[in-house]
Amino acid sequence: MICFLEKRTILNMKKFVFVMGFLCLSLYMQASGRIGRLRAALKDCRSDYVFVVCHRGDWRHAPENTVKAIEGAADMGADMVEIDIQKTRDGQFVLMHDDTIDRMTEGKGRVADYTVDELKQFRMRRSDGTWSDERIPTLEEALSACKGRLLVNIDKGGDYFAEIEPIIRSTGTEDHVVLKGRNTVENVACQLAAYSDILYMPVVDLDAEGAIPYVASFLSSFRPAAVEVSFRTDKFAKLAYLPMIPASGSRIWINTLWESLCGGHDDEKAMVDPEANWGWVLDWGTSIIQTDRPKELISFLKLKGRCRL
């Protein structure tokens, strides 16, 4: 009798371990599947899918550039999160937009003058000015929070690529990362020659001299996943060049964060009249929008029939 009970207990334990292992595997495959689907859509400029990029994470409900802000962006259904990095005194990378910690923490001074351990002592400030329990995350912690849930655009990542590449590799997020910058196509091609998964996006101010030849150099020989463009007014001749970007196999990325980046069709105007602003941006062929109003933009896109992955 005892022997029978022991055998049944062992069988039940094995069954439990099998079920838990299966559930873990299923969750992993679902997470990996989402990143795979997002990358496939990102590389297919013929798809009408519109990517929502959450600027510095869900900073309306958590301090910007924190793990909690990243998790909030994922929970609301954003496709990508944009993060900013700074280098510390001990040669590591943390998330912080400003060169100093004055605006976002209890401390004062330059990020570069602190070690990671020293920075971890400071609480971070919410958007309403109150203090949270969130601490400044390392790049490794941020990438781990994105893993399986969100693509991640690392601002300034192209400037520090040689130093952050081991962090990207160690977290297994090579296929999550989109870098951007203003380097030449020759420089970027050389820098990323050994990396098939990490994507790069040139950034260009259409108002600037030489903007069109710069974009054309990427479209003709590199074909980036996207080109980030900005423009101060919606009434100038160079806008006519925008359709050339998707026609060449890349997506158009526009920031609707504030009016100087998108010809006046920014998020706050979209809160009053979304069709005249986000709709206007979409009409130009834009299929990646970085926003400070991700929840509202996602709702707008659903109403437009631009289904979510």
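**Helices, rings and buried residues**

Student: Which residues of helix 10 meet helix 11, and which residues of helix 11 do they meet?

Tutor: Pro274, Glu275, Trp278, Gly279 and Leu282 in helix 10 meet Glu296, Leu297, Phe300 and Leu301 in helix 11. Note that this is a predicted model.

Student: What makes up the contact of helix 10 with helix 11, by class?

Tutor: Six of its residues are nonpolar, one is polar and two are charged. Gly279 is on the helix 10 side, and Gly counts as polar under the classes used here. Glu275 of helix 10 and Glu296 of helix 11 are in the contact, and Glu counts as charged.

Student: How are two packed helices described?

Tutor: By the angle between their axes and the distance between the axes. For helix 10 (residues 274-283) and helix 11 (residues 294-303), the angle is about 75° and the axes are 12 Å apart.

Student: Why is helix 10 called roughly perpendicular to helix 11?

Tutor: Angles of 65 to 115 degrees count as roughly perpendicular. The angle here is about 75°, so helix 10 is roughly perpendicular to helix 11.

Student: How many helices and strands does the protein have?

Tutor: The protein has eleven helices and nine strands. Of its 309 residues, 48% count as buried. Its accessible surface comes to about 14900 Å², and 56% of that belongs to carbon and sulfur atoms.

Student: How many aromatic pairs are found in the whole structure?

Tutor: The search finds eleven aromatic pairs. Tyr49 and Phe51 form one of them, with 5.1 Å centre to centre and 85° between the planes.

Student: Why is the pair of Tyr49 and Phe51 called edge-to-face?

Tutor: Ring planes over 60 degrees apart count as edge-to-face. The planes of Tyr49 and Phe51 are at 85°, so by that cut-off the pair is edge-to-face.

Student: How do you know whether Tyr49 is buried or exposed?

Tutor: Buried means under 20% relative accessible area. Tyr49 has 5% relative accessibility, so Tyr49 counts as buried. Phe51 has a relative accessible area of 0%, so Phe51 is buried too.

Student: What makes Tyr200 and Phe218 a stacked pair?

Tutor: Two steps are needed. Rings pair if their centres lie within 6.5 Å, and the centres of Tyr200 and Phe218 are 6.3 Å apart. Planes under 30 degrees apart count as stacked; these planes are at 15°, so the pair is stacked.

Student: Why does the pair tie together parts that are apart in sequence?

Tutor: Tyr200 lies in strand 6 (residues 199-205) and Phe218 in helix 7 (residues 211-221), so the pair ties together parts 18 residues apart in sequence. Both Tyr200 and Phe218 are buried. They also belong to one aromatic cluster, together with Tyr214 and Phe222.

Student: Where is Leu38, and why is it called buried?

Tutor: Leu38 is in helix 1 (residues 2-43). Its relative accessible area is 0%, under the 20% cut-off, so Leu38 is buried. Leaving out residues up to four places away in sequence, Leu38 touches Tyr49, Phe51, Asp79, Leu151 and Leu309. Leu38 and Leu151 are 113 residues apart in sequence, yet 7.8 Å apart in space, C-alpha to C-alpha.

Student: Which residues of helix 2 are buried, and what do they pack against?

Tutor: In helix 2 (residues 67-76), the buried residues are Ala69, Ile70, Gly72, Ala73 and Ala74. They pack against strand 1 (51-55), strand 2 (80-87), strand 3 (93-95) and helix 4 (139-146). Helix 2 is followed by Gly77, whose phi is positive, near 100°.

Student: Which residue other than glycine has a positive phi near 45°?

Tutor: That is Arg223, in the loop between helix 7 and strand 7 (226-230). Arg56 is not a glycine either, and has a positive phi of about 60°. Arg56 is found in the loop between strand 1 and helix 2.

Methods. Residues are numbered from 1 along each chain as its sequence is written. This is a predicted model: local features need pLDDT of at least 70, side-chain atom pairs count only at pLDDT 80 or more; totals for chains, interfaces and linings use all residues. Side-chain values use heavy atoms; hydrogens and water are left out. Axes are lines fitted to C-alpha atoms, for helices over the stretch in contact, and angles run from 0 to 180 degrees between N-to-C directions. Helices (H or I, at least four residues) and strands (E, at least two) are DSSP runs, numbered from the N terminus. Angles under 35 degrees count as roughly parallel, over 145 as roughly antiparallel, 65 to 115 as roughly perpendicular and the rest as oblique. Contact means heavy atoms within 4.5 Å. Buried means under 20% relative accessible area, exposed over 50%, partly exposed in between (1.4 Å probe, protein chains only). Accessible areas come from the Shrake-Rupley method with a 1.4 Å probe; for residues, only the protein chains shown count as cover. Rings of Phe, Tyr and Trp (its six-membered ring) pair if their centres lie within 6.5 Å; planes under 30 degrees apart count as stacked, over 60 as edge-to-face and the rest as tilted.
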